[in-house]
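This report walks through one chain, from its overall build to selected residues. Keep the sequence and the 3D view open while reading.

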Amino acid sequence: MAEEKKKRDGFGSKLGLIAAAAGSAIGLGNIYRFPCELGNNGGAAFLLIYLAVVIFLGIPVMLSELVIGRRSQCNSVGAFKRLAPKSGWPIVGYMGVLCGFLIFAFYSTVSGWTLEYIVKSVANSFQGKDIKALEQDFADFHNMGWRNVMWQGVFILLTGFVVFKGVQNGIEKYAKVLMPVLLVILIVLGVRSVTLPGAKEGLAFLFKPDFSKINGQVLISALGQGFFSLSLGMGVLITYGSYVKKDDNLTSTAFSVVLADTLIALLAGIVIFPAAFSFNVNADAGMGLVFNTIPMIFNQMTGGYVFCIIFFVLLAIAALTSTISLLEVVVAYISEELHIKRQWATVIACVATMMLGCFASLSLMDNTPFTIGGKTVFDALDFITANVMLPLGGIMIVIFVGWKLGKTKFFQEVTNDGAIKASLKKIIFFIIRYLAPVAIAIVFISGLIK
Ligand code: PHE
């Protein structure tokens, strides 16, 4: 057993797990998807439900995944095989691997846009443009299908490169330093945004809930967004948890990651909505909301040129630390369970992602043939993963920990075999065992009925 463990790569320091998990969580989900979902789902009412989801479900699900990962020291499929031999549980792991692959396929589309926007900002092509012109540029860019595919390919390659090199040399190093810088830049942007004329309305949209707007769709979108933003329900934190040894405090890791992720999402909201209302961009404008509003804020700022470049570079890096985690789940599975060398596993996974991913990119062109059931391939992948697969995965994970792994082993893990107190363990276990499965199920079903 000791020998076997030695062969596995792992994080080098205590900060490694938090940095990598926060790197996975913080990404386009916070800065791009969160404002989109909030705008499409009526504003502040969505925010309230979202906050309830991340606090009451996010922390317990995250902790469950970390416990499964660290206890098994295995990839997300192997983990269930080891902890529940000869059972059906590994299906949860397989579903997670599939889900990681599907998310990577459309997430890499938007990640590619960040590269296009770095180039645009260096070329100073936003300068002096009004919001209409920026919107037109964005639409034109979407219709250049192959340019989207090219950037997507570049991004997949970048991700592959880091994962290829392995956990310790790759993931950890990149995640540690850059997220705090992103935070600072968002604060600068936020200050500019809330001082724009007409910003108040945007803040009211974000913070003054209109409870009549809550319906099944709002509920399930908030649930899906919570899982998506925290990277839950598909094995990222099982995989990352498996790379740490006994002395990490899993509970405080979960709390820190949820806090950091939520803070960044809130800040993104404070940046986007006041500015969007000020520039007359509709809150439900969807994809363009972020990519048009942000350059427009920089246009109104001294030093905007430089800040804009830094912002898109950081956004690309935030996306990268998330795509790394998506790919890592797939690669850890292929290499450990199918016994294919890590390097080859990376190549296989990247090629497969590219093949599916290009349809996601091309499906955003006007009159695209690439639709599934009336949705673009992009939207279909987004919907099925975030709103269906992640909550389903989440429910299975809490049921596994609450009912199959059980209290004793859960307590052993969160207290590091009694070395630390983990004073919230009882209440968290209660949530894992009873509340979380019921709550996720209710929200999920209410969304389906709609
Ligand atoms: N949490 C990431 C983000 O917010 C996206 C992601 C989802 C990453 C699921 C891994 C797994 O951008």
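## Basis and overall build

Helices here are DSSP runs of H or I with at least four residues, numbered from the N terminus. By that count, Leu237 lies in helix H12, residues 236–241. The model is predicted.

The chain holds 19 helices and two strands. Its radius of gyration is 21 Å, close to the 22 Å that the globule rule gives for 450 residues, so the chain is as compact as a globular protein of that length. Along the principal axes, the C-alpha atoms fill a box of roughly 65 × 45 × 40 Å.

## Burial, surface and charge

Of the 450 residues, 60% are buried. The chain exposes about 17500 Å², and carbon and sulfur atoms supply 67% of that area. Among contacts with a separation of 6 or more, 82% join residues 24 or more positions apart.

The chain carries 35 positive and 25 negative charges.

## Helix H17

Helix H17 spans residues 377–405. It has a kink of about 30 degrees, centred on Thr385. Is this helix enclosed or open? In H17, 21 of the 29 residues are buried, so the rest of the structure largely encloses it. Just after H17 comes Gly406, with a positive phi of about 90 degrees.

Arg33 reaches this helix from H3, which covers residues 28–40. Its contacts include Asp382, Ala386 and Asn387. Arg33 has a relative accessible area of 5%; the cut-off for buried is under 20%, so Arg33 counts as buried. The C-alpha atoms of Arg33 and Ala45 are separated by 17 Å, with the two residues twelve apart along the chain.

Gln152 sits in helix H8, residues 145–164. Its relative accessibility is 0%, so Gln152 counts as buried. Which residues surround it? Beyond four places in sequence, Gln152 is in contact with Ala105, Ser108, Thr109 and Gly112 on the one hand, and with Met354, Gly357, Cys358 and Ser361 on the other. An α-helix has 3.6 residues a turn, so residues three or four places apart point the same way.

Asn75 is also at 0% relative accessible area, and is buried. Asn75 is in a loop, between helix H4 (44–72) and helix H5 (76–83). Leaving out residues up to four places away, Asn75 touches Arg8, Ala332, Tyr333, Glu336 and Glu337. Asn75 and Met301 are 226 residues apart along the chain, and their C-alpha atoms are separated by 46 Å.

Leu237, in H12, is buried at 2% relative accessible area. Its contacts beyond four places in sequence are Ala21, Met62, Glu65, Leu66, Leu230, Ser231 and Leu232. Val67 is 170 residues away in sequence, yet its C-alpha lies 9.0 Å from that of Leu237.

Leu266 belongs to helix H13, residues 250–278. At 24% relative accessibility, Leu266 is partly exposed. Beyond its neighbours within four places, Leu266 is in contact with Phe34, Leu47 and Phe207. From Leu266 to Thr376 the C-alpha separation is 28 Å, across 110 residues of chain.

## Positive phi outside glycine

His339 is not a glycine, but has a positive phi of about 55 degrees. His339 is in the loop between helix H15 (304–337) and helix H16 (342–362). Buried or exposed? With 68% relative accessibility, His339 counts as exposed.

Asn416 is another non-glycine residue with a positive phi, here about 50 degrees. Asn416 lies in the loop between helix H18 (407–414) and helix H19 (425–449). Asn416 is buried, at a relative accessible area of 11%.

Key:
Residues numbered from 1 in each chain as written. Predicted model: local features only at pLDDT ≥ 70, side-chain atom pairs only at ≥ 80, totals over all residues. Heavy atoms only, no water. Bend = angle between axes of the 7 residues up to and from the residue. Buried < 20%, exposed > 50% of the residue type's maximum accessible area, 1.4 Å probe, protein only. Rg over C-alpha atoms; globule rule 2.2 N^0.38 Å. Contact = heavy atoms within 4.5 Å. Areas by Shrake-Rupley, 256 points an atom, 1.4 Å probe, with all protein chains shown as cover. Lys, Arg positive; Asp, Glu negative; His and termini not counted. Charge placed at Lys NZ, Arg CZ, Asp CG, Glu CD.
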